[in-house]
Amino acid sequence: MLDDFFIRALIAGIGVAIVTGPLGCFVVWRRLSYFGDTLAHSALLGVTLAYSMEFNIAFSVFIISSLIALTLIQLQKRTNLPGDALLGLLAHSSLAVGLVVIGFLSFIRFDIMGLLFGDILAVTVDDLLIIWIGGALILLVLKLIWKPLFASTVNYELAEAEGLNPDRAKAIFTILMAAIIAISIKMVGLLLITGMLIIPAAMARNISSSPQKMVIYSIIGGLLSVILGLFSSLEFNTASGPSIIAASLFLFILSLLNIKQSIKLKN
Amino acid sequence: MSSEQNILVKLNKAGFSLNNKWLVKGVSLQVEKGKIVTLIGPNGSGKSTTAKIALGIYKKIDGSVEKYTNKIGYVPQKISIDWTLPLRVNDFMVLTESLDKESIDEALSLTGVIHLKDKNLGDLSGGEFQRVLLARAISKKPELLVLDEPVQGVDFTGEIALYELIKKISDELNCGILLISHDLHTVMSATDHVVCLNGHVCCSGSPMDVAKNNEYKALFGEQASQILSRYEHRHDHVHTSEGEIKKN
């Protein structure tokens, strides 16, 4: 069964969606979408390093993205530049350096399009293991830091005052972001990973009344996007990443109808 | 009375500066079990800053803080909650500690907002939200309560009731309370110890002592010290009839 590339892609996508669901909610709540983008852009550098040193891609991306995240935190502390400028600086310079390094690696055949937008054909059985084991670890850690992370998302000072150590939770969450990007890069591609994090969560926000519900709807939204997206990419021979994201956009538009209805009800 | 083991938090010549400007400096105070310590002072005198130093929110401080408890309930003066979160009152109650339904309901009933339990936090009025904040802080039965203007925006009758509740909580839970208040009436009535701040500690002591202090008079005016004498008169009646006080 795992011989079929499409089944492999489906299993991989489902694994990714289960993890991006709850993480995406935090990305939306904490306004981290550009942070996610920056980490994803830096992933290209990680991929090129993996190729040049014959390293595992997910692992290499994880290391590079974590380093970029730590660099960002240091730059925020030590410079007077606004956060969005620093994000842009890191995102584009790491993308550029990654592309330059690719130029030097002319002896390797690179599927740039697959890297940027995801490629179902590329998902191997090893990738499945990485996605499911890595994903399970991410969810486990997220569950452990849920209380301090969520409390400090609502209000940092309350969390700090009542002894929850929000700074540690934030640092761990940053690492989890690097990890999800590392394991999902082959599926959705580095330009679209943030979409996978944000769009199902945004869809869920439109139809949920509590944080728990938003997480559940976000996971369901991600799963439906993966299934819809992958089947249509098979049907229309389109790239997997964009097809999944387009499917999630479709779900988001449907969720807008719900908002309109509830506003009407209020009036 | 003030035996060492009753101390919940103690500030030793604590101060905090931001951008080379001292917000507050040289504050020494301690909060003990079952005692209410109140910080008073004009705007910008460092009351909230002192509370945040005591809570450990500010870390790079001058002097030192000794904290002997981790069971803390905090009602901040300003709270900005991001409405991108779908958050009901019920979710907010268990924000920093998991509680059973009874504790949540009890606390919400005490502050008079049990009917708002399933409402979205963003739909509450200022006064309602303030009551929820107080309910959340007391629901976990803390050893130390830090209340930064806990009744702001609450209607007049509610204000009196909430201050009575705070006093009751301090007695029942035997918890220490660090209270910041602008309402001198309340301060002078329910408090065990008053610290008058103006960037530093102007004066401190029992409400009676502070009211007589010249620096206090200079800060709040002659009228402020008369509040106390007026209040003291009223205080005699608290024990005979609670209803009369509410009419005043």
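1. Let's start with a term: two residues are in contact if their C-beta atoms, placed from the backbone, lie within 7 Å. By that rule, and skipping neighbours within four places in sequence, Val61(A) touches Ala43(A), Gly46(A), Val47(A), Ile181(A), Ala182(A) and Ile185(A). Keep in mind that this is a predicted model.

2. Val61(A) turns up again in the largest nonpolar core, which has 151 residues. Together with Ala43(A), Ile181(A) and Val146(B), Val61(A) is among those with the most contacts inside that core. Helix 8 of chain A, residues 166–188, supplies the largest share of the core, at 13 residues.

3. Now for chain A as a whole. You'll find eleven helices and zero strands there. Its radius of gyration is 19 Å, close to the 18 Å that the globule rule gives for 267 residues, so chain A is as compact as a globular protein of that length. Its C-alpha atoms fill a box of roughly 60 × 50 × 30 Å along the principal axes.

4. In chain A, 49% of the 267 residues count as buried. Looking at contacts in this chain with a separation of 6 or more, 73% join residues 24 or more positions apart.

5. Finally, the two chains meet: 20 residues of chain B are in contact with 19 residues of chain A. The chain B side has twelve nonpolar, five polar and three charged residues.

Definitions and conventions
Residues numbered from 1 in each chain as written. Chains lettered and ligands numbered in written order. Predicted model: local features only at pLDDT ≥ 70, side-chain atom pairs only at ≥ 80, totals over all residues. Core = buried A, V, L, I, M, F, W, Y, C linked by C-beta atoms within 7 Å. Buried ≥ 20, exposed ≤ 12 C-beta atoms within 10 Å, placed from the backbone. Helix = DSSP H or I, 4+ residues; strand = E, 2+ residues; numbered from the N terminus. Nonpolar A, V, L, I, M, F, W, Y, C, P; charged D, E, K, R; others polar. Rg over C-alpha atoms; globule rule 2.2 N^0.38 Å.
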